[in-house]
Amino acid sequence: MQRRRSEGANSLRFRGRCLSRRTLLQGAGCALALPWLEAMTPALASDQSPQPRRMIAIETNMGIVPQYFFPTGEGTGYQTSDYLSRLEAHRDQFTVFSGVSLPGVTGGHAAERCFLTGTPHPERGGFRNGVSLDQFAAERIGDQTRFSSLTLAVTNENPTLSFTRSGAPIPAEKSPRKLFEKLFVQGTPEQIEAAIDGLRQGRSMLDFVQDQISRLERTLSSPDRARLDQYLSAVRDLERRLESAEQWERKPKPQIDAPPPDDITDPQAFAQRTAQMLELVRLAFETDSTRIVSLFVDTTVIHNITHHGNRPEVLGELKALETSQFDVLAQFLTSLRQTPETAPNLLDRTMVLYGTCMGSANSHSNTNLPCLLAGGGFQHGQHLVFDSENNYPLSNLFVSMLQRLGIEVDEFSTGRGTFRGLEMLG
Amino acid sequence: MNQRLSPALRIAPLLFCIVILSPSRGLAQPHEFIKTHCLACHDSATREAGVDLSSFDSIDSAEELLVWARAYEQIALKKMPPAEEPAPSDEQLAEFLPALAQKLIDLERQQRESGAGYLRRMTRYEYENTIREFFDLPGIALANQLPADGSAHGFDKHAQALDLSHVTLAKYIEAADQVLEMAIATQPTAPTIRRRRISLVNRGGFVAHVVGNGDGVLLRNFDVDPLFPPAAEQSHLDEGAHERLGIYERESTVGLFRHEDESFNPYFIEHVTIYPGKYRIRTSLWSFQWDRGTVLPGRRTEVARLSIVQLTGDGRGGQHPSNVLGYFDAPSMSPLEHEMVVWLNRNELIGFNTASLAPTANYARQGRAMAFTGPGIACDWLEVEGPLHEVWPPASHQFLFGDLPLKQWIDDPANPQRPPARPRYRQLGAGMNRPDPDQGLWTVHSQEPQADARRLLTRVLPVLFRRDVPAEQLEAYAAIFDARYESGDCFETAMRSVYRTALCSPDFLYHLETNSTEVDSTDVASTGLDPAALACRLSYLLWNSPPDEQLLALAHDGSLTQPEMFHQEIERLWSDPRSERFIEDFVGQWLKLRSIASTDPDRTLYPEFSPYLQDAMVAETRGYFRELLDRNTHVSQLVDADWVWINDVLARHYGFEAMEGGAFRQVSLTESIQRGGLLTQGSILKITANGTTTSPVPRGAFILERILGDAALPPPESVPAIEPDVRGATTIREQLERHRADAKCASCHRKLDPPGFALEAFDVIGGYRDRYRSIGEGDSPQQGSIDPFIPIHFKLGPAVDSSGEWRDGTPFHSPRDLARMLGREHERLLRNLASQWIVYATGRETGFTERSEIDRIVQQTLGQGGGLRTLLHEVLGSPLFHQGTEPITLRELPRDVSHEATELSTTWRGFLMHPTLPDVPELRAERTDTIAQDRKPAIAESVPSEQWQEVTVSVVGLFEPDRVMALVDACHRIPGFELLRVNYEEASMQVRWAADHEVWRGTKLEEQVQRIDERVRHASGNTLGARDIPSMPREQWQREELKIEGLDCAACSLAAYDIVIRVDGVLQAEADFGQSRAVAWIDPTKTDRSQLIEALKQRGVVAE
């Protein structure tokens, strides 16, 4: 449509660093200015851990063509595959798995919301999701950074990988530009004061509604009271976040040189959009703005070609698109590796889980998931092979990852121990 | 077909008779029975058909309960134990079955009591509708900003789908602010109602671009616009030149050939809404056949789409979120005016599409529009009139502030207060509509703030909370006001804090379905909803929004619980246009219509698929379902009917005789057409396919689960899903034979596959087929057999076999056979729909406990003729709807309830995707002037002056003799300025300007030419200008004449002139596409002929 305007708008790009606060404060002055509440953590707790450990979990939701993903041979001497050859430069820095899946997580596409929760049977009526790996970790170690975690998605819809303890989905940030503003753009002192005033008003309002609940509860049956508890915990969570937001509000955000990105809306450009997001994730890790990230890469736009029916021309198209996704992953690993830190580089202390919810999108199967784990300080460089008929639980990997983050757990979701064959370093 | 509602709607005596059985009956007996008759096959080791019944004492999951409920059914129907095993005696059954039922009911109750409860918050659609109703903001858009709700037992209305996280809560706070911002008046008078007529082609718009390239044409009087010849070998040059000459502002009709696509979104960009509100929109549409430059009568009535588009972010590119308003007829050569009232939010505009045309692109075609023959849709204009406020301050404001006056803000030093913050209204996007002048800071004024706050809250809170509010709660809210007001907030801001809190409180967000206090409330199961909660449940079911005043009044005086009144109200709510929300929301989930767009049909295999076809499919299913209920047709017509509800595009798609126009109507089936009932509708067939291929399994599962209410258990984990393979001849049907050969698979697939096999006769977009389409091998179909303008690249592969065997062995050969068989399953169809309605209406699933009551509902309905609206009354009359209320006795239903279409005085022809708003007849603005005239400066009055300055200047833009009149006209519009003489040959003019006139005051002589240039450019819309007379004597100028090919278009001539005159060293120029030439007088020391040719070539003009 507006060709002319769009060219103009293109040259305008980003107008300055006060944009986000202005956006927050526009409208009535009494409007509550809510900063990025889903992940605010107390400001004063930072700098506790001199050598932070981090994780990012990435799911691409329309499968990965298995015959191009899985390598042949086992252990360190495996023969790489079409897709993994794109990561060959990092061969010593990742482990690829065969014969793994999330026990009981079935239902084809429905499984996409269980990639980090591992909660069985999402396709059934009455399904209730559990806490996701990232949120479980964020509850325990997220208090050390401005954002306890980042929930991100490359999408034009509303999918997410992250779920709260009560199984409520956490909406993902979809705009790299907004993410950039949240991470790095500081408001003016007046804007900060106005924001703090708004936060205080918000807190007193939450105090009030909390009081209302006890009055309501008297009229309810006990299961219904339990439902209202969910409201109550939402109020408390939000209050806590408002409180930390207030503390963080006065602390300066990290200054970086990178320009803010322009959002891309074309759903076909998912690889490019993923690259944009991952670059911001790297900056967020580097500035220690957060240590935990989930990223949902929505490739529903290629849904119809994933039902390729083995037609060679369609498979070819699909392969080209998926290859570009692996190129983006390789680029991300490279950039982490090139970012120096106390331990040789950022990748050494950052776990990158990459995978998909369907073993074959063509048939909607949820077993034999294409998955790999890079970085984070494990003995990598190998292909761990498990039984393709009777899969090994991927949820055990989540236990290993949690332990790597320094969280002392032996179980998570359907995981009942650490992942067999994956050794931690140092 | 139009069956009368049966009179005898009665409610049965007490249900749950099974519940009454003594729970103490010994459980030893069931153990014995199970051991004797079941465990031989269904123990944990054998697990025949995947069923393990050894867990009787430890049933603890919903899944196991489901298995046992099925076992109960099988035994009760004497299908189990199988015939070859010894059968239990009737006495044994009579003892065993009640005991088993009791056990299952007990277990189910335990599970429910330990479950997560049934307290529901509003779905995001309920939230949006609730705000729309309470605040009279019928189009405020909130739902999509709230986190998506989940789905449980098939619906977002089930309590388990309605989780709430801190993120959702934060979004509610934002939404509340947005509501209050829109609701509260900030100016003393309503925004001026403006009525503008705008064109689809406009400045800076993409339509101008595609029209210049031949994907459309400009028309006048059913013929080519003489000032804008269709693009041919040469596309039109430089939209800017056309804009400056006003080519797009002459109210020409725009004829488009091109369908919306990834890089083309036709929008009416000259209206971008500033003030949210009701707007009356009108448009005039017709169609034609274009034949290489000639306008001829069209092949049929074409259909255009109008949508409401939200400009987001920086407004770049297309793909903005948009709501389809509807599809509107464009009859051949006969303009049809459509009028309707719609709600437009800030930043919204109207989008257009040539919906019924096949994709075509002339810009890439040799000879462009002059080489194209095909259909086009013409849009004469679009009128936007509004905002239409019936009262001021608006109803939303009065809801919050009653009759308190709006006053201008005055700072009071004695009582300093913070003024409310105000948004600034400004022009948006490319819109030419402007905001009214700001009238300063106005706000609600109160003489007695504390008392007024209490008075307002006493009225508003019970409305928001949908029930009575006790005094102490009111006072708690009033205390928020007091605190804010004392802290220095003004009255409005302090009230906003209270209202925001109320909108985020659980009282507003949750459906608190309290029990009646009239009845002893110690036993929850024996009490019913209190009348206010019952009114809410009814209106949130049938309107997806809160009760209106009448319903509340009936709840208040107690008459709602009287059966006659209750059923009258059901009828009243049903015949209100708001019931369309029930159709949309319920069918959207029950039949999964919400996911109609989740697959994109393969473009090679299904080139005829279009957004128009998809929207028509959705409208068909919604419309059909409404017809069934309106007419109270027999339940069998859900799946088996001898009529369909279709429009033009569906008639073509389904193979009916041609129909004219987008409006839906009833058409009777002929023998040869395999349609009728829900299952043969395009929507269902598309939703159950994946875009490329069909499989009988998901289609069969859909029918079993959604239509017959027979949920299939998921496949055993060891069975690999079938890998679809569409290379060559292997059909999925052949692959499925494997399933039927394997006993483990066969137990389910024997049920699943047959209905799916019958539907193999339909492709992924619901078209009928007797051969599969293929990309690889096969015969080539005849080109043009779909639509002459849709090229075919697929092949026709193997033949389709849509025959099979129903589970009882009855053979079928076609979809009609299947429909007839399913149509005989009256009880299952009714039971399923009743169950779906109960889940949808109450947010509670139905399980084993409810089955006997549902059976009773079904029998009652069948006894009265089996009509679907009868079923609705029976379900709503059932204790299941009233949630355990004491049985109420229903008397006769009032006889003469007929569904009357709501009279809207607006007129349109086609079909709407969502209901529009009722007309606002008393509000009509005079049409404001056209935008072209808005833009032109007024003719200046001549002023006497003592201080005239005379000067001769060179004129830029006199590219042809006609432009002299434009120059005279432009000079007339410049105050304190006179044109004395024009010399076209030398492109110069002698003028004088009044140094004492305010416009020219302070102008120095050395800058006079520059100032004259600015004034002339402004007055001529940048088509003319002035510069110094060249210093080089004319006799030294060199004349170059170039031959150029192209259009007889003044604006293109201007564009060519612009190119030439800007070449450094060109002193004067002419351009005339009509005579195919451009002439330049150049300074030979600075430029030459080849540079001119090069400059033209760079802009796409071939010159010699």
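Biologist: At what angle do helix α7 (residues 222-250) of chain A and helix α7 (residues 166-183) of chain B pack?

Modeller: This is a predicted model, in which local features need pLDDT of at least 70 and side-chain atom pairs count only at pLDDT 80 or more, while totals for chains, interfaces and linings use all residues. Residues are numbered from 1 along each chain as its sequence is written, chains are lettered from A and ligands numbered from 1 in the order in which they are written, and side-chain values use heavy atoms, with hydrogens and water left out. The axes of the two helices, which are lines fitted to C-alpha atoms over the stretch in contact, with angles from 0 to 180 degrees between N-to-C directions, lie 8 Å apart, and the helices pack at an angle of about 75°.

Biologist: How is the direction of α7(A) relative to α7(B) to be described?

Modeller: Angles under 35 degrees count as roughly parallel, over 145 as roughly antiparallel, 65 to 115 as roughly perpendicular and the rest as oblique. With the packing angle at about 75°, α7(A) is therefore, relative to α7(B), roughly perpendicular.

Biologist: Which residues of α7(B) make the contact with α7(A)?

Modeller: Contact means heavy atoms within 4.5 Å, and helices here are DSSP runs of H or I with at least four residues, strands being runs of E with at least two, numbered from the N terminus. From α7(A) the contact draws on Y231(A), A234(A), V235(A), D237(A), L238(A) and R241(A), and from α7(B) on H166(B), L169(B), A170(B) and I173(B).

Biologist: In what order do the strands of the seven-stranded open sheet of chain A stand?

Modeller: Two strands pair if DSSP finds at least two bridges between them. The pairing in this sheet is mixed, and the order is β4-β5-β1-β6-β7-β2-β8.

Biologist: Which strands stand at the edges of that sheet?

Modeller: An edge strand has a single partner, so one side of it is left without a neighbour in the sheet. The twist averages 15° from one strand to the next, and the strands at the edges are β4 (150-154) and β8 (382-385) of chain A.

Biologist: Which residue of β5(A) is the bridge partner of V154(A)?

Modeller: Strand β4(A) runs parallel to β5 (residues 292-297) of chain A, and five bridges join them. Helix α8 (residues 270-286) of chain A lies across β1, β4, β5 and β6 of that chain, at about 160° to β4(A). The partner of V154(A) in β5(A) is V297(A).

Biologist: Turning to chain B, is strand β3 (residues 216-220) largely enclosed or left open by the rest of the structure?

Modeller: Buried means under 20% relative accessible area, exposed over 50% and partly exposed in between, with a 1.4 Å probe and protein chains only. Four bridges join β3(B) to the antiparallel strand β5 (residues 253-256) of chain B, and two join it to the antiparallel β4 (residues 223-224). Four of the five residues of β3(B) are buried, so this strand is largely enclosed.

Biologist: Which residues stand opposite L219(B) in β5(B) and β4(B)?

Modeller: The hairpin of β3(B) and β4(B) has two residues between its strands, and N221(B) takes a positive phi near 50° there. Opposite L219(B) stand T253(B) in β5(B) and, in β4(B), V224(B).

Biologist: How far apart are the end C-alpha atoms of helix α33 (residues 1050-1061) of chain B?

Modeller: Eleven of the twelve residues of α33(B) are buried, and these pack against elements of chain B that include α9 (239-244), β24 (948-956) and α34 (1089-1098). The expected span of a helix is 1.5 Å times one less than its number of residues, which for the twelve residues of α33(B) should give 16 Å; this agrees with the end C-alpha atoms, which are 16 Å apart.

Biologist: Which strands are at the edges of the four-stranded open sheet of chain B?

Modeller: The strand order is β25-β26-β24-β27, with antiparallel pairing. Each edge strand pairs on one side only, and these strands are β25 (977-983) and β27 of chain B.

Biologist: Does V644(B) count as buried or exposed?

Modeller: V644(B) has its place in strand β17 (residues 643-646) of chain B, and its contacts beyond four places in sequence include F656(B), V667(B) and L669(B). Because its relative accessibility is 4%, V644(B) counts as buried.
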